[in-house]
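The sequence and structure are shown first.

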Amino acid sequence: MLRKKDTALNVCLFAVGGLAYTAIELLWRRRTHPSMFVVGGLCFGLIGRIHTRFQHRPLLLRCGLCSLAVTAVELVSGCILNRWLKWGVWDYSQQRGNLLGQVCLLYSFLWMLLSIPAALLYRRCRRWLCRALDRR
């Protein structure tokens, strides 16, 4: 059963990921959507957990797993947000190697690279938050 400290830690890490993801979108595309906060929070948590769980495995394997995880989250969220709800948050149908216009090989590769700084940010935030929550 989760303790209050664990819940607070996970909520804070989710918020950091959500804010970071929306910031990346604003820098890259000059626009974002509120739903990207949720997608970002989920992806940040997955990236952090993958790099932590497989820390003794090769970096390339961890980055590949992160890329697959983020791509899966984006595919599912894209199918819900863009195809089912028709919100038009993004459309990769003009990109090479796209799947249903929701994910593409280029962005999967970029997430493989971005998982390295994301994992470092996750680790540092987690360490800082654990210390801050222990002081309470």
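This is a predicted model: local features need pLDDT of at least 70, side-chain atom pairs count only at pLDDT 80 or more; totals for chains, interfaces and linings use all residues.

## Helix α4

Helix α4 spans residues 105-134, a run of 30 residues. Its first and last C-alpha atoms lie 42 Å apart, close to the 44 Å expected at 1.5 Å a residue. At Leu114 the axis of α4 bends by about 35°, and Pro117 follows within four residues.

## The largest pocket

The largest pocket has a volume of about 270 Å³. It is lined by 13 residues, of which Ile24, Trp28, Tyr107, Trp111 and Leu114 are the closest to its centre. Both α1 and α4 supply at least two lining residues, and the largest share, five residues, comes from α1.

By residue class, the lining of the largest pocket comprises ten nonpolar, three charged and no polar residues.

## The second largest pocket

The second largest pocket holds about 160 Å³ of space. Of its 13 lining residues, Ala20, Ile24, Phe44, Trp111 and Ala118 are the closest to its centre. Two or more lining residues come from each of α1, α2 and α4, with the largest share, five residues, supplied by α4.

The lining of the second largest pocket divides into eleven nonpolar and two polar residues, with no charged residue.

Note on methods:
Residues are numbered from 1 along each chain as its sequence is written. Side-chain values use heavy atoms; hydrogens and water are left out. The expected span of a helix is 1.5 Å times one less than its number of residues. The bend at a residue is the angle between axes fitted to the seven residues ending there and the seven starting there. On a 1 Å grid over the protein atoms alone, a cavity is a set of points where a 1.4 Å probe fits but cannot get out, and a pocket is an open set with protein on both sides within 12 Å along at least five of seven lines; lining residues have an atom within 4 Å of a point. Grid points are joined across faces, edges and corners, and a volume is the space filled by probe spheres set on the points. Ala, Val, Leu, Ile, Met, Phe, Trp, Tyr, Cys and Pro count as nonpolar, Asp, Glu, Lys and Arg as charged, and the others, Gly among them, as polar.
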